[in-house]
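Please look over the sequence and the model shown here before reading on.

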Amino acid sequence: MAAVSLRGIAKRYGDNQPVIRGIDLDIADGEFTVFVGPSGCGKSTLLRMIAGLEDISEGELHIGGKLANQVPPAQRGLAMVFQSYALYPHMTVFENMAFGLKLSGMPAAELRAAVERAAATLQIGHLLERKPKELSGGQRQRVAIGRAIVRKPQLFLFDEPLSNLDAGLRVQMRLEIGRLQQELGTTTIYVTHDQVEAMTLGQRIVVFNGGRIEQAGTPHALYNAPANLFVAGFLGSPRMNFIPAEVVALGAAHVAVLLPGGAIVEVAALPGDVQRGARLALGVRPEHLQLRREAYNAAEVAVSHVEYLGDQSIVYARLPGMAEALAAKVAPDAAPPAPGTQASLFLPPERCMLFGADGSAFARA
C-alpha cells in the first residue's frame with residue numbers, strides 16, 4: 001500500500017489553457033478516494049497522470065513517499081482498471097489474468113496459485129477456462145479487476161469501470177468493489193461521474209469542476225455541508241433546490257429572507273458579512289421540504305407534476321415568478337397533491353442553506 005501526494009499538479013496541452021489547474025491533494029495509505037465530477041472536469045486526466053499515462057506539466061507527484069513524475073508506469077507499483085475491459089479475446093480468463101505475471105517471469109506454480117486466489121476472491125474460479133466472448137459484462141469486469149489484483153499493487157486506479165454495465169450489474173459490482181477494497185486494504189483511487197457510486201464507495205470524495213477541486217471530504221460532509229453551489233447541486237438526486245432570496249432581517253443565529261411570491265422564511269445561518277437587501281440563493285434538499293401548512297417558514301406553491309417511484313413520490317411545484325420547479329420528496333404512504341392544485345411547503349430553518357453571490361456557502365448556525 002502507498003500514500004499519494006499531489007503538489008501543484010497541472011496539465012497543459014500545447015499552448016492551450018490548462019485542463020488541470022494546480023491540484024494539491026493527499027490520499028492516505030489504504031484510503032478509498034473517489035474523484036467525481038461532470039464530463040470534461042479533468043478527473044480522468046488526473047488519474048492518467050498518476051498512472052504515468054499522461055505527462056505532468058507542473059507540480060510533483062509522490063507515491064509511497066517517492067517522487068514519481070519521471071518514473072515509468074510499470075515501475076510505479078500500481079494497477080489500473082479501465083472502462084473498457086481490455087481483455088485479450090483469444091486468451092482464456094486464466095491466461096488474461098496471468099499475462100502480466102508471466103511477463104515478469106513468475107514461476108508457473110506460484111503464478112497459478114496467485115491467479116486461483118484472485119479468482120476465488122472475485123468468485124470467478126469456475127470461469128478460468130472460458131474466453132471473454134463467453135462471459136457477461138459483469139464477469140468480464142471481474143476478470144479485468146482480477147488481472148489487477150494478482151499483481152499485488154500498492155495502488156489501485158479505477159477509471160469509470162462500471163459505465164458499460166446495466167443498472168443491476170452496476171449495483172452488484174459496486175458492492176463487490178467496496179468489499180474487495182475493504183478486504184485488501186489497498187490504496188484506491190476511483191473515477192466516476194456517477195454520484196451514487198461516489199457516495200456509496202468513497203471514504204473520501206473529491207469533487208472536480210473545470211480542472212480544479214471544488215471540495216474534498218467524507219460523503220456525509222459533502223452532502224450535508226457543501227462548500228458552494230456547485231457541490232450542493234452536483235451531489236443529490238434530485239439535486240438541491242435553489243431559490244432566489246433577498247435578505248430582509250439579520251439575527252445572531254439566523255437570516256430572514258424574502259422568497260419569490262412574498263413568503264419570508266428564516267434560515268439558521270450565521271450572518272457573517274451579509275447585508276440587508278443582499279440577494280442570495282437559498283438551498284434546500286428535496287427530502288427536507290415538507291408538504292404541510294405552518295404558521296411560519298412556509299410558502300404557497302403550484303403543483304406542476306408528480307413522479308411516483310414506488311418507495312417515494314417526488315412532487316414538483318413552482319413558487320410564483322419562478323421558472324424552475326422545486327422538488328419535494330414525499331413518503332410512499334402520504335397522498336401527494338394533484339397536479340394543478342395549490343400546496344404549502346414548509347422549509348425547516350435548520351435544513352436550509354444560504355449561498356452568496358460568489359456561490360460560496362454561509363456557515364450554518
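This is a predicted model: local features need pLDDT of at least 70, side-chain atom pairs count only at pLDDT 80 or more; totals for chains, interfaces and linings use all residues.

Residues are numbered from 1 along each chain as its sequence is written, and side-chain values use heavy atoms, with hydrogens and water left out.

Helix H3 spans residues 108-121 and reaches 20 Å from its first C-alpha to its last; helices here are DSSP runs of H or I with at least four residues, and strands are runs of E with at least two. Its buried residues (under 20% relative accessible area, with a 1.4 Å probe and protein chains only) are Leu 111, Ala 114, Val 115, Ala 118, Ala 119 and Thr 121. They lie on the same side of H3, because they cover an arc of only 160 degrees around the axis, an arc taken from the directions from the helix axis to the C-beta atoms. On the other side, Ala 109 and Ala 120 are exposed, a word used for over 50%, with partly exposed in between.

The structure holds 13 salt bridges, each a side-chain nitrogen of Lys or Arg within 4 Å of a carboxyl oxygen of Asp or Glu; the table gives some of them.

| Pair | N to O distance |
|---|---|
| Glu 176 and Arg 179 | 2.8 Å |
| Glu 324 and Arg 239 | 3.3 Å |
| Glu 246 and Arg 279 | 3.7 Å |

Glu 176 and Arg 179 are 3 residues apart in helix H5, so about one helical turn separates them. Glu 176 is buried at 15%, whereas Arg 179 is partly exposed at 30%.

Definitions and conventions. The expected span of a helix is 1.5 Å times one less than its number of residues.
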